[in-house]
Amino acid sequence: MATIEECRAALEKLSDSMQHAEGDVRTAAALDRSVSCHITDLDVTFAGRMAGGRIRVHDTLQGPPREKAQIRLSMTGDDLVALVDGELHFAKAWGSGRVKLHAGVRDLLLLRKLL
């Protein structure tokens with residue numbers, strides 16, 4: 001089972017990848033939105049902001065998200081690490097319910113390019 005530190009490192013790695021993206025992926029990464037990522041097996045939520053092509057985690061909270069972020073992810077720590085490392089395909093994980101993504105329709109259309 002991934003640790004809180006490994007999950008935070010995975011989010012940092014994702015943020016680094018987003019910053020170096022090009023084309024349509026760069027457009028999706030340039031959104032300015034509040035974000036949360038609930039790690040279900042650890043019952044921890046990383047809350048922050050996606051802006052300027054990066055994800056900045058401001059808080060690590062015990063339990064589910066306290067506020068409704070504009071972009072909300074929910075998954076296990078192992079799935080987060082596997083997604084970021086390219087070992088788990090987002091569409092398959094989302095389709096099977098392993099990863100949950102909630103956002104507005106416009107954001108979902110842009111995020112599909114990123115994920």
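At 11% relative accessibility, Phe90 counts as buried. I note at the outset that this is a predicted model.

**Entry 1. The aromatic pair.** I started from Phe90 and looked for ring partners. The structure holds 1 aromatic pair. Phe90 and Trp94 make up this pair, and their rings are stacked, with 6.2 Å from centre to centre and 20° between the planes. I then looked up where the two residues sit. Are the two partners buried or exposed? Phe90 is buried at 11%, whereas Trp94 is partly exposed at 45% relative accessibility. I checked the cut-off here: buried means under 20%, so Phe90 falls under that limit.

**Entry 2. Salt bridges.** How many salt bridges does a search of the whole structure find? The search gives 6. I followed up several of them.

I took Arg54 first. Its side chain meets that of Glu12 in a salt bridge, at 3.7 Å from N to O. Glu12 lies in helix α1, residues 4–19, and Arg54 lies in strand β3, so this pair ties together parts that are 42 residues apart in sequence. Glu12 is partly exposed at 36% relative accessibility, while Arg54 is buried at 14%.

Asp16 has a relative accessibility of 36% and counts as partly exposed. Through shared partners, the salt bridges join Glu12, Asp16 and Arg54 into one network.

Next I looked up Lys13. Lys13 forms a salt bridge with Asp85, and the closest N and O atoms are 2.8 Å apart. The two residues come from distant parts of the chain: Lys13 is in helix α1, and Asp85 is in the loop between α3 (77–84) and α4, 72 residues away. Lys13 is partly exposed at 40% relative accessibility, and Asp85 is partly exposed at 38%.

**Entry 3. The second largest pocket.** I put its volume down as about 190 Å³. Its lining counts 13 residues, and those nearest the pocket centre are Val35, Ala47, Gly48, Leu61 and Glu67. Which elements give two or more residues to this lining? They are the strands β1, β2 and β3 (54–62). I sorted the lining of the second largest pocket by class and got 5 nonpolar, 4 polar and 4 charged residues.

**Entry 4. Asp43.** Phi of Asp43 is near 50°, a positive value in a residue that is not glycine. I noted it because most residues other than glycine have a negative phi. Where is Asp43 placed? Asp43 is in the loop between β1 (33–39) and β2 (44–51). With a relative accessible area of 32%, Asp43 is partly exposed.

Note on methods: Residues are numbered from 1 along each chain as its sequence is written. This is a predicted model: local features need pLDDT of at least 70, side-chain atom pairs count only at pLDDT 80 or more; totals for chains, interfaces and linings use all residues. Side-chain values use heavy atoms; hydrogens and water are left out. Helices (H or I, at least four residues) and strands (E, at least two) are DSSP runs, numbered from the N terminus. Buried means under 20% relative accessible area, exposed over 50%, partly exposed in between (1.4 Å probe, protein chains only). On a 1 Å grid over the protein atoms alone, a cavity is a set of points where a 1.4 Å probe fits but cannot get out, and a pocket is an open set with protein on both sides within 12 Å along at least five of seven lines; lining residues have an atom within 4 Å of a point. Grid points are joined across faces, edges and corners, and a volume is the space filled by probe spheres set on the points. Ala, Val, Leu, Ile, Met, Phe, Trp, Tyr, Cys and Pro count as nonpolar, Asp, Glu, Lys and Arg as charged, and the others, Gly among them, as polar. Rings of Phe, Tyr and Trp (its six-membered ring) pair if their centres lie within 6.5 Å; planes under 30 degrees apart count as stacked, over 60 as edge-to-face and the rest as tilted. A salt bridge is a side-chain nitrogen of Lys or Arg within 4 Å of a carboxyl oxygen of Asp or Glu.
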